[in-house]
Amino acid sequence: MLLALAALLKAIIYAAALTGSGIALARATLGNEVLAVAGRAASLSRWAGTTVALVGLLSAGVYGLRLGIAWDPPTLRWVFSSPLGAALALQVVGGVWLAAGSQALMVPIAALLVLLSFAVSGHAPSGSVLAATAIFLHVSAAAWWIGGICILREASRSLQPASFSQLLRRFSSQALHVVAVLLIGGSLVAAYLLELDPDLSRPYHRVLLVKLGLAFLLLALAAFNKFVLMPALTRQPSALISLRRSMASELILFAAIAITTAALTTKLSPHD
Amino acid sequence: MRHWMVAIALAALTLVAPSAHTHSVLESSSPASGSVVERSPEQIGLSFREPTMLTYLAVVSTSGERRLSFAPVGVAEAFTASTPELIPGRNEVQWRALSKDGHVVEGSIIIVVKPPAP
């Protein structure tokens with residue numbers, strides 16, 4: 001029961017952290033057209049930050065129950081000075097900062113704090129600084145992608161077609177580099193965890209394969225958007241509806257990946 | 001481009017080289033699990049495969065669950081609970097710990113204390 005609750009909370013944190021942080025990062029890179037939807041995007045980012053902070057606190061409580069800790073100062077000091085404690089603290093502090101979000105220039109720093117929480121605790125970060133760096137780059141790239149999609153969906157409703165097309169082109173151009181970072185980071189982490197020896201008799205490896213399958217679908221959908229729907233926008237305005245549906249599908253796939261990753265990192269070990 | 005590919009390949013090799021990144025596992029205990037002892041041991045020792053933070057230790061017997069204090073508090077490979085005062089019969093010593101990779105690990109050992117001679 002507590003294990004299932006821990007996995008659920010982790011999935012919520014993944015989704016909220018990547019959405020909130022991603023909007024902050026994408027806002028910083030996508031240029032002036034974003035300003036037209038900045039209010040709505042910032043509002044979503046603030047809600048996501050609030051969720052990260054609250055669910056982070058709840059997760060700390062669930063970890064305490066699962067560990068059966070004596071709630072005395074020496075034990076709490078040790079638990080919260082561990083990598084797990086550091087990760088939870090980064091989520092709470094970064095989440096509150098994202099939720100406050102008044103200083104636009106500082107918000108990306110809050111976003112990076114939240115994303116850093118995924119690189120300080122877990123299978124890979126505990127074993128190698130390089131693996132921790134790869135995870136940070138992987139989740140930061142995924143966050144930027146999710147944040148960019150959220151901004152694009154808002155922009156598709158409120159921007160003039162010419163401005164929206166310009167924003168879309170800029171996103172598409174930056175996404176090439178970001179997806180490269182996402183794939184390289186993910187491949188390095190997978191290589192580290194599986195020791196270049198995938199074994200489908202192990203549950204961890206099978207669930208990781210499911211995650212890879214979902215990621216492949218996501219990339220296929222992104223390629224369809226870039227090479228089919230984006231060019232169609234200039235010829236037929238109705239392609240915008242298809243593009244909006246496709247972006248919604250991308251967000252659903254990201255949610256599925258977050259749930260799969262939460263199950264993977266809560267219940268399974270690559271060595272079981 | 002070629003330099004990038006070489007850098008990525010080197011990074012992959014560097015990452016894969018160290019392979020000691022498993023959950024903490026109990027390596028041994030004293031008395032060993034399954035032991036049948038004449039009287040309650042003076043202490044119970046737990047040794048883990050890698051530095052671990054033991055957070056919970058309790059004995060479950062027919063008289064219920066009783067929490068045991070242990071030392072050290074914090075990260076270590078070996079922990080000791082002094083004077084566990086096990087009762088005659090089956091005693092299950094349950095433990096929970098936070099492993100190096102941030103995961104909750106748990107397990108138990110069984111110690112049977114022989115009933116006193118009539």
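Let me begin with helix 7 of chain A, residues 161–194: at 1.5 Å a residue its 34 residues should span 50 Å, and the end C-alpha atoms are 46 Å apart, which agrees. The expected span here is 1.5 Å times one less than the number of residues. Helices are DSSP runs of H or I with at least four residues, strands are runs of E with at least two, and both are numbered from the N terminus.

This is a predicted model, in which local features need pLDDT of at least 70 and side-chain atom pairs count only at pLDDT 80 or more, while totals for chains, interfaces and linings use all residues. Residues are numbered from 1 along each chain as its sequence is written, and chains are lettered from A and ligands numbered from 1 in the order in which they are written.

Helix 7 of chain A has a kink of about 30° centred on Ala175(A); a bend is the angle between axes fitted to the seven residues ending at a position and the seven starting there. Just after this helix, Glu195(A) adopts a positive phi of about 55°.

Next, helix 8 of chain A, residues 203–235. Its 33 residues should span 48 Å at 1.5 Å a residue, and with the end C-alpha atoms 48 Å apart, the two agree. A bend of about 35° occurs at Asn225(A). Asn225(A) is also buried, as are Leu208(A), Leu218(A) and Leu229(A); buried means that 20 or more other C-beta atoms, placed from the backbone, lie within 10 Å of the residue's own. The buried residues of helix 8 pack against helix 7 and helix 9 (239–267) of chain A.

I turn to the core. The largest nonpolar core has 101 residues, and Ile135(A) and Val189(A) are among those with the most contacts inside it. Such a core is a set of buried Ala, Val, Leu, Ile, Met, Phe, Trp, Tyr and Cys residues joined through C-beta atoms within 7 Å. Leaving aside residues up to four places away in sequence, Ile135(A) touches Val189(A), Gly185(A) and Phe118(A), among others; contact requires C-beta atoms, placed from the backbone, within 7 Å.

Finally, chain B. One helix and seven strands make up its elements, and 29% of its 118 residues are buried. Strand 3 (residues 43–61) and strand 4 (residues 64–67) of chain B pair in the antiparallel sense over four bridges, where pairing requires at least two DSSP bridges. These strands form a hairpin with two residues between them, and Val59(B) stands opposite Arg66(B) of strand 4.

Technical notes
Buried ≥ 20, exposed ≤ 12 C-beta atoms within 10 Å, placed from the backbone. Contact = placed C-beta atoms within 7 Å.
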